[in-house]
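Student: Could we go through this structure together, taking one question at a time?

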Amino acid sequence: MLKQQTKYILVFILLVSGFQSLCQNNALLQKVKISKQELTVDELIKEIHNQTGINFSYNNQTIDVNHKLIIAEKEYTVKQLLDNISRETNIDYSLIEKQIILKKRKKKQSKEKHTISGIIRDKETGESLIGATVLVDSSFTGTTTNSYGFFSLTLPEGNYILRISYIGYDLQNIKISLDKNIVLNQNLQPDYNLLEEVIVESKPEEELLGTSQMSRLRLNPVDIGKLPEFAGESGLVKSLQTLPGIETHSDGSAFFFVRGGNKDQNLILIDEAPVYNPAHLFGFYSVIIPEITKDIRIYKSDIPVDEGDPLSSLIKINTKDGNMNRFEANGVLSPFLYRASVEGPIVKDKSSFYTSFRHSNFKWIYKKYNPTLNLYFYDVNAKLNWQVNNNNRIYFSFYTGKDNLNNTADSKQSGVVWTNLTSTFRWNHIFNNRLFSNLTIYGSSYKYDLGERETHWVSEISNFSLKADFTYFTSPDLTFKFGFSQTFHKFNPGNLTYDTSAYYIPKVPRNRSSKSAFYANVEHKISKKLSYRFGLRMPVWTNTGPTTVYSFDTNYLVKDTMVVTGKESYITFVNLDPRISLKYRMSPSASLMLSYGIYHQYIQMLSNSIGPFSSFEVWMPAGTNIKPQRADQVAIGFEKLFSKLNLKFTTEAYYKYMQHQIEYESHANLLLNPLIEGELRFGDTWSYGIEFFLKKTKGKLSGWISYTYSRAFKKIKDVNSGKEFPAFYDRPNDFSVNLSYQLTERFKMAANWIYYTGSAITTPIAFYDYNGNSVPVYGDKHNDRLPDYHRFDFSMEFRLNKQRRHFMHSLGFALFNVYNRHNPVWYNTDKVETKNGKFVVPANLFGAREYTTTQFYLMGAVPSLTYKLRL
């Protein structure tokens, strides 16, 4: 009997203790909604008490209740919040009879740390995701994936929930028990409902992490694809026109200017390889189309030390790897061009390919009026990628493009042809869970050919390069990056090729150069509020033979000639380029940023035309007469995220001073001139400005508004009497609005309006009569301006499928320059008006002529209709 009573007592005790434990666990699982991103321990304790009724017991003398915590605005369990307090402070907690006891943590040996690393990919295509966020839940410890989707995160031993997110994809929460190093490769599922609403790249998690970088803009294919199209396509250069601090030349031009820099001070990389001419059809189309890209990053300052030496901007483009799970085809058809792409697995989940082809379709426009004209362009993109094993991956990329404009009326076929070619081989290797490396071998070439069958004027630039990058992830707060690159350049500044030696044609010396660059960079998060990035780049530039070098005196006459034979080096430049940026998080949603950098550029394009395109593009290296261009830029910025409104506001102010800038002697001769360097004049350029950018990141209505006030001035010896003058691209006011509206799931509309101050030009200040003719008199350089530019574009697209599926097709309509604004690109003052109203250059030198100012514009309203399909 006693044994039976004892058994009942034990069962009762176990039930009571189990019930008590269950109640305690239930207390820790109660939900608490956090509506502030920054609050103290004391405020958090009160918030938990008010929402759950749980009491706290602690000693104010030993517990720092004023310690500030940063917590995302959402719902948490009590246990998640207490774990966060424990991680961020030296406070331990325990639950005793519905009361939480807080005690100061006793000093003990720190926990062993382990590393979580892996690659984040698209679940449907297997594409690696660049810039995906990996965040420890209920805190802001985390990281983002690199250009190959790799991440590494080192944390103390313990249990965690990782939040993995990327724009346009479903959020993943992964529970892990970290007691050893873990490889965590994850696939994210696209959220198609979200993709219909999102147009710009901002991610709240990225902003809260503080990983956004000053003067860097990120675009993805969704962004560019939703812009109004021009003649069947929305390209990269057209999209740049809507962003702050970037000014395009004019309609029909691929030239653009960034923060007071010239058109040749921008570096465009496709899978690491430079593209020297990003234009098709003299700039009406871009070589970069949204469908081949998966990530575009634009740097206006604080350019990474491993990415080259442009003075003004870097545009880094990563192309698609190819679908690793299934075959897919895409097509585009419009009256102006057609395009097709195919991608798919070679070995499923192991290797894939991507290829695309684009060709113009203009013949129907001109064949009736000029049947012998042959005008077209095409380009081909191809990519292979192979995951050898978990630690090795290989990529091969290829691009070629050609433009052709010639006349086949006779056998000479006179005209112009230019071609771009790039090729890249990359090998990713993961040494261990903290050390990542990438080896890149790439080559690029650009060739411009003007002439006829017998004789051609040819200008060329090419490079062959090797680059090795290493990234070491010490901790979530500290990352080191280092490496080196070696590049070999060849330059042909423009020479004639001909099949007869009957005439003497001067030869312009060709040039060869090499550049070795060593670089290192550290990113360090000092505290929750303050972080910095410091990098150092050391380029070593060397010119080698065979070539001929001319030296000039102060009157720009040849004073010496040096013939360099073989591969002998004759001049070397060594520079140190430090770059530093600071970021201070004023609150979880607001940051203040500061950056300073020195940049040296060693190649330049010589062109004294202010037209939207030039027939003669001559690339020259730094050397005896052309010193390396240098820029010092300082910038300060502020960004604020309004999460509830899905708005982000950014403003930046900058000052940039550039040395050894190039201008030209009046009526400079750049064609077939061996003494071409004697036509150049050198001096300084300085620019300053302030930029404002407001964008709405989510919702049926999305888009951005940007405004830039900027100035750019030059002071060049022997130009404009040595006085300062505004640069051609000095445009004080630049304003744009870009909006997209998702009316229904299947129907969307987009519009943009662009305005900027007219470019600075030189016009006559007076005329005088000579032999019965009016002769213009010129004063200061760039004393006048073109009329202000403005344009409104509109587009709409209707998805023909009622539901989303693998086969999808749509029909789009776009109208470029809706109100048919005639934006002039240049003025002429050498024409007269005839009796029938035509403007011509006068032929009778002795007749009395009244000169009339005329203007030239490239296009008015341009409608287009585009059909798109995906299989």
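Predicted model: local features only at pLDDT ≥ 70, side-chain atom pairs only at ≥ 80, totals over all residues.

Tutor: Residues are numbered from 1 along each chain as its sequence is written, and side-chain values use heavy atoms, with hydrogens and water left out.

Student: Which residue of E42 is the bridge partner of glutamine 604?

Tutor: Strands are DSSP runs of at least two residues, numbered from the N terminus, and two of them pair if DSSP finds at least two bridges between them. E41 (residues 603-606) and E42 run antiparallel and are joined by four bridges. The partner of glutamine 604 in E42 is methionine 620.

Student: Which residues point one way from strand E42 (residues 618-621), and which the other way?

Tutor: In a regular strand the side chains alternate between the two faces of the sheet. In E42 all four named residues are buried, that is, under 20% relative accessible area with a 1.4 Å probe, protein chains only. Val618 and Met620 point one way, and the other way point Trp619 and Pro621.

Student: Why does serine 589 count as buried?

Tutor: Serine 589 lies in the loop between strand E39 (577-587) and strand E40 (590-601). Leaving aside neighbours within four places in sequence, serine 589 is in contact (heavy atoms within 4.5 Å) with Gln37, Glu639, Lys640 and Leu641. Serine 589 counts as buried because its relative accessibility is 14%.

Key. Buried < 20%, exposed > 50% of the residue type's maximum accessible area, 1.4 Å probe, protein only.
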